[in-house]
Amino acid sequence: MVETPAQVKDVRLFINGDFRDAHSGKTFPDINPATGQVIARVAEADAEDVADAAAAARKAFDDGPWPRLKVAERAAVLRRIAEGILRRKEELARLESMDTGKSLREALEFDMPRVAHNFRFFADFVEQMGSESYPKDDDHLFYVLREPLGVVGLITPWNFPLMLATWKLAPCLAVGNCAILKPAEQTPITASILAEICAEAGLPEGVLNVLPGFGPAAAGEAIVSQPDVDAISFTGETATGRAIMTAAGPSLKRLSFEMGGKSPDIIFEDADLDLALPGALWGIFMNQGEVCLAGPRILVQRSIYDEFVHRFVEAARRIRIGDPLDPDTQMGPLISQEHWKKVSGYVQIGQEEGAQILCGGNKPALPPPLDAGFFFEPTVMVNVDNTCRVWREEIFGPVATITSFETEEEALKLANDTRYGLVGMVWTQDLARAHRVASKIRAGTIWINCFFIRDLRLPFGGYKESGIEREGGTYSVNFFTEQKTVCVALHKGAILPPVFLK
Ligand code: NAD
C-alpha cells in the first residue's frame, strides 16, 4: 500500500541564505509518479528570481568570505554538509523515491551514500591537490595557481536528482565558487533540503542559491543568459545541451555538458553468461532504464544469441514492479505521464519498424493507488537493426533492443554506429580481446565484465554528442577553476632577453 504524505510539502526558492516565494508568486505541482498524487507545491523561479540569485552569488564571490577561506576551512564545511546528509539520509531517500519513482532501497543504499561521498571526496581532493611546477634552465621557475571561477550555474536532470546535483556542487564549492543550482522541475524537493543542510553546515549566505523552475523561456534559460554567471555545468538531454550552447554563446560562458547516451553492451560467445546476463539486465533495467549510461543496445554473438535472448527475457519477466517504497520492489514507475507516452510511443515505432516484442511494452496491472502511476513493463525487442529508430535514439526507459553479430569487427562497427559515446560494456573471457575492443569503442567509459563501477578520481563524460568536458577529480577541479601560470625569474640575468638590456 502506498503511503501518502501527511501534507503536501512547500518547496521555496533559496536565495542569499533565505527561503522565499517566487517574485511572480507562481507555483507548480510536483507529482509522485507512483500514484499521480501531488506531493509538493513548488515556487517557480523566473528571470527576476535568477537576477536576484545571481546578484547574491556575485556579492558572495566578490566580497564574501567563501572564496577567501583557507582550503582546510572550506573542506571542513563540505565535511559538515556530508554529515548533515547522512543524518537525514532516510528522509532524503524517501523523498527522492517519492519524487522520482526510483526504489527506496536504491535511493537509500546507493544514491544517498554517494551524495554524502561527493562532498567528502572533494573535501579530501582539494586538500591533497597540488599544481604543476617546472624549473626551467635554472633561470626561471614556472608554477600554476588555481583560482575559483566565479558564479556557476548548475543545471541538473531528474533521474538521479541529488546525486548528480552534488556531483557538480561539491567540486564547485570546494574550490571557492558560488553557485546557482536549478534542479529539474520534476524533482525539486531534495535540492531544497540540501540548501537547509548547507546553511546549517555554515555555508555563507549567497554561496548556494537553489532555484526550482523550468528550462526553456524560464529559470534555466535565464541562468544561461545571465551575464553575472561565468560558467554552466549541465547534465541532461543532448537537445537541451544544444539550446544551452546557443544561448550561452553571446556571453562566451565556459560550458561542461553531460548528455544523452545509447550505449552498446557487447556479449561475446566466451562470456561468462552467469555474469553477463545479470550485468546486461541491470544495465538496461536499473532505475527503470532512466539512466544515461544504460546499455540498451545489446549485441550478442550469433552462437549464443538464442540462449542469451531466452534467459534475458525470462529474467526480465521476473522483475518485480511496484510501490517504490516497498523494499521488495525492483522497478518503480517512469518519471511522468509525458515520459510514459514517449517510451510507449517508441514501442509502437519499434513495431512499425518490424521489431518483435518478446516481453513488456505495456502498463502493468497494479492495485490502487499505483494504478494511477506511470509504470511500464520491462520490454525486450528483437529483430531490430542499426537503421531502426528504436536502436538509434535514446528512449530513456526500460526498453532493451537485442541484435546479433558474427565477428568482433562487426560488433565494433555496430557499437560505434551512433551519434552518442557515453559508455560501453564488453563481456568476454579473452583478455586480449577485452582490451582491444575497449580501446576501439568510441565512448568515455568502458566496463569490461562489469557495469556501473566508478572511481570518482577518474574522468567521466562522453564522446560525440554525449558530452563536452569531463567530470571527476582533477577534471572537475579544472573546469571549476581558472588556471594561472606564474613565471619567476631566478636571477637578474634571466629577466629579459639580453638584447633589451644593452
Ligand atoms: P533535460 O535536458 O530535459 O533537462 C535537464 C535540465 O535542463 C532540467 O533542469 C531542465 O529544466 C533544464 N533545461 C531544459 N531546457 C533548458 C534550456 N533551454 N535552458 C536551460 N535549462 C534547460 O533532461 P532530463 O529529461 O531532465 O534528463 C534526462 C536526460 O539527461 C537524458 O538524455 C540522459 O541521458 C541525460 N543524462 C545524462 C547524464 C550524463 O552523465 N551524461 C546523467 C544523467 C542524465
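## Where the ligand lies

Domain 1 (2–259) and domain 2 (264–448) both give residues to the shell around the ligand, so the ligand lies between the two domains. Keep in mind that this is a predicted model.

The ligand takes up the space of the largest pocket.

## The shell

There are 30 residues around the ligand. Those that come nearest are Thr156, Glu185, Thr240, Met259 and Glu394. Sorted by class, the shell has 15 nonpolar residues, nine polar ones and six charged ones.

## Polar contacts and burial

An N or O atom in the side chain of Glu185 is 2.6 Å from an oxygen atom of the ligand. For the side chain of Thr240, the distance from an N or O atom to a ligand oxygen is 2.6 Å. The backbone takes part too: a polar backbone atom of Gly236 is 3.5 Å from an oxygen atom of the ligand.

How much of the ligand does the protein bury? Taken alone, the ligand exposes 850 Å², and the protein buries 93% of that.

## Two backbone details

Now turn to the loops. Pro369 sits in the loop between β15 (356–359) and β16 (379–382). The peptide bond from Pro368 to Pro369 is cis, and its omega is near 0°.

Gln288 belongs to the loop between α9 (273–285) and β14 (297–301). Gln288 is not a glycine, yet its phi is positive, at about 65°.

Terms used: Residues numbered from 1 in each chain as written. Predicted model: local features only at pLDDT ≥ 70, side-chain atom pairs only at ≥ 80, totals over all residues. Heavy atoms only, no water. Near = heavy atom within 4 Å. Polar contact = N/O pair within 3.5 Å; in protein donor to acceptor, adjacent residues only side chain to side chain. Areas by Shrake-Rupley, 256 points an atom, 1.4 Å probe, with all protein chains shown as cover. 1 Å grid on protein atoms, 1.4 Å probe; cavity = no way out; pocket = protein on both sides within 12 Å on 5 of 7 lines; lining within 4 Å. Sits in = over half its atoms within 2 Å of the grid points. Nonpolar A, V, L, I, M, F, W, Y, C, P; charged D, E, K, R; others polar. Domains from an automatic or database assignment. Helix = DSSP H or I, 4+ residues; strand = E, 2+ residues; numbered from the N terminus.
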